[in-house]
Amino acid sequence: MLRSGFDSLLVVVVGLVFIVTAVAALILAATARADAYRAADKQSKNFWLIILGITVVVNLVVPMLFLQIAGLVASIVFLVDVRPALRQVSGGGGRRGGSSSDGPYGPYNGGR
C-alpha cells in the first residue's frame, strides 16, 4: 500500500520534472534571436522550436516514457550546449560586468 503510493508520487514528480525542463527550454529557445543561432553555428531557431514544442506536447498528451526521455535529452542538449553558445554570441557571456582584472572585492590594481 505504502509502496504503490510512493511509486505513483515518483511518477508524478518525474513527469513534472520532464515538463518543466521542456517548457523552460522552449521559452528560452523562443526568446533568443534567430540570427544568434546562425552566428553560433547551431541548428536554426525553427528547428529547436519544433523539437522542443513536440517535447512539450508529448509530455502533456502522450506520456510514454521512451518519448519523454528522448524529449528530455533534446531539452538538456539545448540547455547545456545551444543556450550557452547563444548567450556568448549575443553578448550575454558569463561575467556580470567589470573587467577581466576584477577580483572578488573590486578591481586589482597591482598593489598601487
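## The nonpolar core

Twelve residues form the largest nonpolar core: Ala25, Ala29, Ala32, Ala36, Tyr37, Ala40, Trp48, Leu52, Phe78, Val82, Ala85 and Leu86. H4 gives the most, with four residues. The model is a predicted one.

Tyr37 belongs to this core. Leaving aside residues up to four places away in sequence, Tyr37 touches Ala29, Ala32, Lys42, Gln43, Ser44, Lys45, Trp48, Phe78, Val82 and Leu86.

## Overall layout

The chain has four helices and two strands. Along the sequence they run α-α-α-α-β-β. Among contacts with a separation of 6 or more, 62% join residues 24 or more positions apart.

Of the 112 residues, 22% count as buried. The accessible surface is about 7900 Å², and carbon and sulfur atoms hold 67% of that surface.

## Salt bridges

Side chains of opposite charge can pair when their charged atoms come close. The chain has two salt bridges. One joins Lys42 to Asp81, with the closest N and O atoms 3.1 Å apart. This pair links distant parts of the chain: Lys42 lies in the loop between H2 and H3, Asp81 in helix H4, 39 residues apart. Lys42 is partly exposed at 26% relative accessible area. Asp81 is also partly exposed, at 38%.

Arg33 forms a salt bridge with Asp35. Here the closest N and O atoms are 3.0 Å apart. Arg33 has a relative accessible area of 45%, so it counts as partly exposed. Asp35, at 35%, is partly exposed as well.

Key. Residues numbered from 1 in each chain as written. Predicted model: local features only at pLDDT ≥ 70, side-chain atom pairs only at ≥ 80, totals over all residues. Heavy atoms only, no water. Buried < 20%, exposed > 50% of the residue type's maximum accessible area, 1.4 Å probe, protein only. Contact = heavy atoms within 4.5 Å. Areas by Shrake-Rupley, 256 points an atom, 1.4 Å probe, with all protein chains shown as cover. Core = buried A, V, L, I, M, F, W, Y, C linked by side-chain atoms within 4.5 Å. Salt bridge = Lys/Arg side-chain N within 4 Å of Asp/Glu carboxyl O.
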